[in-house]
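Dear colleague,

Please find below the sequence and the structure for your records. My notes on what was found follow directly after them.

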Amino acid sequence: MGYTLGIWDGHDAGAALLQDGKILYAANEERFTKRKLEINFPNHAISAAISYAKIKHSDVDNIAYSTTEFTKTLERIFPSMKENYYKFRRRKILKPMFENARHKIKYTLTGIGPLPLCEAASSHIINRKLKRMGFRGYRLYAIDHHLSHAACAAFTSGQGRKLVITLDGLGDGLSGSVSILDNGKLERVMRIGAQDSLGIFYEQITNIVGMRELEDEGKVMAMADYSYPFSSEENRFSDLFSLSGTRLRARHSAARQYDILSAIGWQMPREQFAYMAQQLVEMLVEKLISNLIDRYNIQDIAVSGGLFSNIKANMKVRSLGNVKSMYVFPHMGDGGIALGAALYCHYLTDKISVQKFSAYLGDEYSEEDTVDYIKKHKEFSYNIEGKTESARHASELISKENYILWFNGRMEYGPRALGNRSIVGSSSSEQVKELLNMKVKRREWFQPFAPSVLESEVERLFEYDNKGYDKFMTSAYAMKKEHLMRERSVVHVDGTARPQMVGDENLEYKELLAGVKKQTGFGIVLNTSFNIHGSPIVMSPSDALLMMKQSGTKHMFINGVFVTNRKIR
Ligand SMILES: [Fe+2]
């Protein structure tokens with residue numbers, strides 16, 4: 001019992017704090033340092049967790065970190081390696097010589113799993129950093145990478161027996177795992193080796209089409225729908241993997257696979273290349289999970305790991321006849337590892353603590369704090385409206401084909417803005433979509449925006465499967481044909497959308513949606529994350545005001561305070 005801290009010091013670093021197994025706080029380091037998908041030790045997120053809980057560092061009983069594989073340990077010993085890769089991956093440096101060779105070295109080295117010495121060295125370095133921050137008298141736990149992913153999915157999925165599946169690039173020598181959550185026990189029953197990684201395959205595709213690996217995979221998925229369709233027999237990637245029952249195998253090493261993909265990529269348009277990759281991944285994931293369900297005879301599944309950020313593959317899995325319910329942990333990538341490590345650690349030290357996940361786990365700010373920030377900027381005027389009036393007022397502006405900035409309560413944990421740090425606009429306005437794409441967010445034109453929709457409107461607007469409302473935008477759903485034209489700013493070219501289905505978990509946001517329904521007849525809005533291109537989602541009122549200024553936005557609602565930028569007409 002007591003406090004358990006989870007930390008993750010890799011791609012999208014972060015921290016999470018549990019009190020007696022209950023999630024108290026979780027945030028990623030990028031929100032503090034303003035470097036997207038930050039890789040450095042999460043000093044800020046840890047400090048924020050401690051101060052949110054109003055405890056001393058010495059009050060923390062157990063601390064869990066994750067991943068002790070060879071390369072991760074090497075990066076802990078030589079942090080400059082990590083920084084170099086970060087800049088290389090994000091294309092913040094000129095194209096280096098031997099780029100191809102660098103990729104291949106990475107694929108070879110990262111395949112090496114955890115070694116006994118690595119855990120000792122990693123723990124030594126982590127302990128040193130923790131002690132420097134003031135932690136004393138705690139026990140340190142190193143939690144396996146895929147157990148951390150599995151713990152996220154299992155322990156936040158709600159009650160019941162579950163088949164827990166993880167799929168990602170790789171971590172601690174694996175690219176996937178299967179566990180069973182039953183009666184207080186999480187037991188791993190299957191492993192998928194790092195050499196058979198669908199995540200690495202997709203990462204390589206992303207890189208070859210000229211995008212940033214570990215960041216732009218969603219763009220590749222969106223681009224795939226702009227290809228003309230072709231059959232799986234014509235798919236030139238189809239022999240790169242084999243699936244026999246529940247046995248997934250890659251035909252080649254990751255380095256060899258990269259060469260093969262590069263050669264094919266050279267010969268064809270990007271959208272067709274992306275289409276083939278997406279088709280293969282959907283087919284394999286769908287079949288693999290279907291076979292796993294039949295093998296273990298459990299029809300309720302909980303999933304995590306970066307591959308499950310692929311909402312089109314998730315849609316296929318959700319639609320399987322033998323899936324009764326599907327829970328996708330919303331922070332499925334490595335950004336969620338801090339929470340997973342903490343949850344698994346608590347499972348080891350005390351007992352299982354299954355809870356329903358709320359994404360609102362970050363920092364919050366009082367109305368007084370908010371007003372203090374606003375007063376510092378002369379170009380802003382403000383009016384304290386209160387949260388109910390703000391929701392009504394915002395819905396009125398949105399219904400008149402505007403967009404607004406909506407900042408309320410605790411920051412979301414995970415990649416999606418879910419109505420607490422969101423840009424909200426009309427779902428039926430081409431003009432708002434264009435404005436957001438070109439001026440505010442500066443996104444690629446082919447990336448669709450996603451909607452937030454009232455739970456009570458889901459069946460009216462979408463082909464809904466009755467397998468549980470999707471609170472966290474983790475799957476695509478087909479929109480009903482009769483609404484496609486009207487909802488054109490939130491529907492992808494294939495007629496699907498990635499909705500957040502809003503109920504009582506966010507009352508203010510629900511009220512805003514109800515206001516929009518009152519005025520337009522439809523309880524649906526466009527919801528995109530509150531940030532500008534290339535920056536993380538805003539955290540504090542001062543971040544929000546800066547973004548408002550930089551994007552030339554006129555209206556913002558922030559914790560019940562209505563803010564207007566006087567310089568914008
Ligand atoms: Fe991972």
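Predicted model: local features only at pLDDT ≥ 70, side-chain atom pairs only at ≥ 80, totals over all residues.

**Domains and the interface between domain 1 and domain 3**

The chain is divided into domain 1 (3-151 + 339-345), domain 2 (156-330) and domain 3 (367-565). Taken over C-alpha atoms, the centres of domain 1 and domain 3 are 31 Å apart. In the contact between these two domains, 14 residues of domain 1 meet 11 residues of domain 3. Together domain 1 and domain 3 bury about 1,100 Å², and 54% of that area is on carbon and sulfur atoms. Of the area that domain 1 buries against domain 3, 52% is supplied by Arg31, Lys34 and Lys36, more than by any other three residues.

The rule finds one salt bridge across the interface of domain 1 and domain 3. Lys34 and Asp543 form a salt bridge in which the closest N and O atoms are 2.6 Å apart. Four residue pairs in polar contact, both residues at pLDDT 80 or more, are also found across the interface of domain 1 and domain 3. On the side of domain 1 that touches domain 3, the elements giving two or more residues are strand E3 (22-28) and helix H1 (30-33). Strand E3 gives the most to that side, with five residues.

**Strand E14 and its partners**

Strand E14 (residues 403-407) is mostly covered, with five of its five residues buried. Tyr403, Leu405 and Phe407 point one way from E14, while Ile404 and Trp406 point the other way, and all are buried. E14 runs antiparallel to strand E15 (residues 421-425), to which five bridges join it. In this pairing Tyr403 stands opposite Gly425 in E15. E14 also runs parallel to strand E21 (residues 555-558), with three bridges between them. There, Phe407 stands opposite Ile558 in E21.

**Salt bridges**

By the rule applied, the count comes to 30 salt bridges. One of them joins Arg31 and Glu30, with the closest N and O atoms 2.9 Å apart. Both Arg31 and Glu30 are buried.

The side chains of Asp196 and Arg249 also meet in a salt bridge, at 3.4 Å from N to O. Asp196 lies in the loop between strand E8 (185-193) and helix H8 (198-208), and Arg249 lies in strand E10 (residues 247-250), so the pair ties together parts that are 53 residues apart in sequence. Asp196 is buried, with a relative accessible area of 2%, whereas Arg249 is partly exposed, with a relative accessible area of 33%.

Lys549 forms a salt bridge with Glu379, and their closest N and O atoms are 3.4 Å apart. This pair links distant parts of the chain, 170 residues apart: Lys549 is in helix H19 (residues 541-551), and Glu379 is in the loop between helix H14 (367-375) and strand E13 (380-384). Lys549 counts as partly exposed at 37% relative accessibility, and Glu379 counts as buried at 14%.

A network of salt bridges links Arg90, Arg212, Glu215, Asp216 and Lys219.

**Individual residues**

Asn297 has a positive phi of about 55 degrees although it is not a glycine. Asn297 is placed in the loop between helix H11 (270-296) and strand E11 (300-304). With a relative accessible area of 61%, Asn297 is exposed, because exposed means over 50%.

Glu401 has a positive phi of about 65 degrees, although it is not a glycine either. The place of Glu401 is in the loop between helix H15 (387-399) and E14. Glu401 is partly exposed, with a relative accessible area of 38%.

Thr564 is found in strand E22 (residues 561-565). Thr564 counts as buried, because its relative accessibility is 15% and buried means under 20%. Leaving aside residues up to four places away in sequence, Thr564 touches Glu379, Phe380, Ser381, Met548, Lys554 and His555.

With kind regards

Note on methods:
Residues numbered from 1 in each chain as written. Heavy atoms only, no water. Buried < 20%, exposed > 50% of the residue type's maximum accessible area, 1.4 Å probe, protein only. Helix = DSSP H or I, 4+ residues; strand = E, 2+ residues; numbered from the N terminus. Pairing = 2+ DSSP bridges. Domains from an automatic or database assignment. Contact = heavy atoms within 4.5 Å. Buried area = accessible area lost by both parts, 1.4 Å probe. Salt bridge = Lys/Arg side-chain N within 4 Å of Asp/Glu carboxyl O. Polar contact = N/O pair within 3.5 Å; in protein donor to acceptor, adjacent residues only side chain to side chain.
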